Amino acid sequence: MFAAPLRSLVRSPAQQRLRRAFSVAAPVSSTAGGIPVDVYNPNGGKRVVVTKPLPGDRWLEVLTSSGNRVEVCALKGDEDTILSEAKIATLIGDKCDGMIGQLTENWNDALFAKLKASGCCAFSNYAVGYNNVDVDAATKHGIPVGNTPGVLTETTAEIGAALTLAAARRIVEADTFMRAEKYLGWLPTLFVGQLLQGGTVGIIGAGRIGQAYARMMIEGHKMNVVYYDLAPQPAFEKYVSDYADLLEKHGEARVTCTRASTIEELLPQCDVVSLHTVYNAETKHLINAARLSLMKPTSVLVNTARGPVVDEVALVAHLQKNPTFQAALDVFEDEPAMKPGLKECPNSVLVPHIASASLYTRGGMATLAACNVAARLRGDPTWPTPENAKPFLEGPVTGIPAMSPSIVNAKALGIA
Ligand SMILES: NC(=O)c1ccc[n+]([C@@H]2O[C@H](COP(=O)([O-])OP(=O)(O)OC[C@H]3O[C@@H](n4cnc5c(N)ncnc54)[C@H](O)[C@@H]3O)[C@@H](O)[C@H]2O)c1
């Protein structure tokens, strides 16, 4: 699925020199339980299985330079876009020391039991979110679970901003119209949308990505912000207040930042509402029919968090009833499927879960996942500040800290 250019993600001249100095040998084609795999460093001592090809070379350097044999599933074809549990179990086989899995895969108790039986002591999800992983089961089997924070924030926030603009200014509808050669001349009423400048943006879940997105809307469009989060975010509020001081100094109107005490209080105030919470039992259908009805009829709802945070059936009904309401979605409740009627709604912008799909981020996620596994296979400890991923992403591979960047059950396993 990843095109050849993704293999060269290095950016700075120093990194380019490094890449020339260390090139990963081409893989050897083989099979694992009958499933085709690309094998890197075939003579490596420990076997690391990766369920999908990953972008860039650095992650392969990390694993192979620590003496591991890396087997990347080479199944192609639509039916294998998301690997079945049976195929993952086959790939694990009798001996699997380390594993890198995808957010589309259901890493349940059965798979962790299989990993344990195969001698595995290191698993990493190729994602920051890990709602697809039964962490309790992994902990029960003594398997560390890695994730990849610190490299997705700005990239995901940028998609949130892009979706917001596309929906507010009806870019996709207008593009479709143009390609259909329906444009007969400028009209005062053609694709009139909503101005963001000076409006109010609501952030539900003001964590790393929520705050980065909010800053883009505040600084780019001078929007006021209302946020709802379980915890107050004083540093964020101070940032907005300092920015408001700067605007005032330059003769512009101040922007404001307020914390709403309920979602019900936030929704009616906002021209745009963007979702950035984690996904768990509490946030399932956080946006439902009742809450949609509290939003302005001209507002934009953006979801780059997880699909089930929105009741998608209720959203379709709301879009159908309110043609001036816009939804912009990167994630879907029954991903990869859409609820009936959604794709027919012209007031929706729909993209296939590409929020983290920048070259920088996808290559960085691969490096962090590989570092999680390589360090655990060596018995190295866990990096204490997972947000600060830079030391793993920059400079020569030999200079990478001998630590796992982020293990979510490190404390429970006593490897923090
Ligand atoms: N679409 C994508 O490709 C993509 C990429 C990266 C992350 N994500 C999603 O974005 C989410 C947020 O990522 P992040 O790095 O900002 O995480 P984060 O942990 O920094 O922020 C999540 C915020 O949600 C808040 N929160 C939790 N439960 C809540 C609730 N019930 N109501 C309101 N707020 C609540 C938390 O307090 C926290 O501030 C991830 O969990 C992931 O699912 C999606």
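How are helices α2 and α13 oriented relative to each other, roughly parallel or roughly antiparallel? In this predicted model, the axes of α2 (residues 58–65) and α13 (residues 359–378) come within 7 Å and cross at roughly 15 degrees. Angles under 35 degrees count as roughly parallel, and α2 and α13 are therefore roughly parallel to each other. The crossing in which α2 passes α13 is right-handed. On the α2 side the contact is made by R58, W59, V62 and L63, while α13 contributes G363, A366, T367, A369, A370, C371, V373 and A374. Sorted by class, the residues of this contact comprise nine nonpolar, two polar and one charged.

**The parallel sheet and its helices**

Seven strands make up an open sheet with parallel pairing, and their order is β10-β9-β8-β11-β12-β13-β14. The edge strands are β10 (257–259) and β14 (348–350), each of which pairs on one side only. From one strand to the next, the twist averages 15 degrees. Within this sheet, β8 (residues 200–204) and β11 (residues 272–275) run parallel and are joined by four bridges, and I204 stands opposite L275 in β11.

Two helices lie across strands of this sheet. Helix α6 (residues 153–168) lies across β11, β12 (300–303), β13 (326–329) and β14, and its direction is at about 150 degrees to that of β13. Helix α8 (residues 208–221), for its part, lies across β8, β9 (224–228) and β11, running at about 175 degrees to β8.

These two helices also meet each other: α6 and α8 pack with their axes 8 Å apart, at an angle of about 50 degrees, and that angle makes α6 oblique to α8. As α6 passes α8, the crossing is right-handed. The residues that meet are T153, E154, T156, A157, G160 and A161 in α6 and R208, I209, A212, Y213, M216 and M217 in α8. The contact of α6 with α8 holds seven nonpolar, three polar and two charged residues.

**The mixed sheet**

Another open sheet of seven strands has mixed pairing and the order β1-β2-β4-β3-β5-β6-β7. Its edges are formed by β1 (28–32) and β7 (145–146), each with a single partner strand, so one side of each is left without a neighbour in the sheet. Strands β2 (residues 35–40) and β4 (residues 68–73) run antiparallel and are joined by four bridges, with D38 standing opposite V72 in β4. Helix α3 (residues 85–92) packs on the sheet and touches β1, β2, β3 (46–50) and β4, its direction making about 45 degrees with that of β2.

| Helix | Strand | Angle |
|---|---|---|
| α6 (residues 153–168) | β13 (326–329) | about 150 degrees |
| α8 (residues 208–221) | β8 | about 175 degrees |
| α3 (residues 85–92) | β2 | about 45 degrees |

**The ligand shell**

Which residues are the closest to the ligand? The ligand is surrounded by 29 residues, of which the closest are G129, G205, G207, I209 and A355. Among the residues of this shell, 13 are nonpolar, eleven are polar and five are charged. Helix α8 gives the most to the shell, with three residues. I209, one of the closest residues to the ligand, is also one of the α8 residues that meet α6.

Note on methods: Residues are numbered from 1 along each chain as its sequence is written. This is a predicted model: local features need pLDDT of at least 70, side-chain atom pairs count only at pLDDT 80 or more; totals for chains, interfaces and linings use all residues. Two strands pair if DSSP finds at least two bridges between them. Axes are lines fitted to C-alpha atoms, for helices over the stretch in contact, and angles run from 0 to 180 degrees between N-to-C directions. Two residues are in contact if their C-beta atoms, placed from the backbone, lie within 7 Å. Angles under 35 degrees count as roughly parallel, over 145 as roughly antiparallel, 65 to 115 as roughly perpendicular and the rest as oblique. A crossing is left-handed if the near helix is turned anticlockwise from the far one by less than a right angle, and right-handed if clockwise. Ala, Val, Leu, Ile, Met, Phe, Trp, Tyr, Cys and Pro count as nonpolar, Asp, Glu, Lys and Arg as charged, and the others, Gly among them, as polar. A residue is near a molecule or strand if its C-beta atom, placed from the backbone, lies within 6 Å of it.
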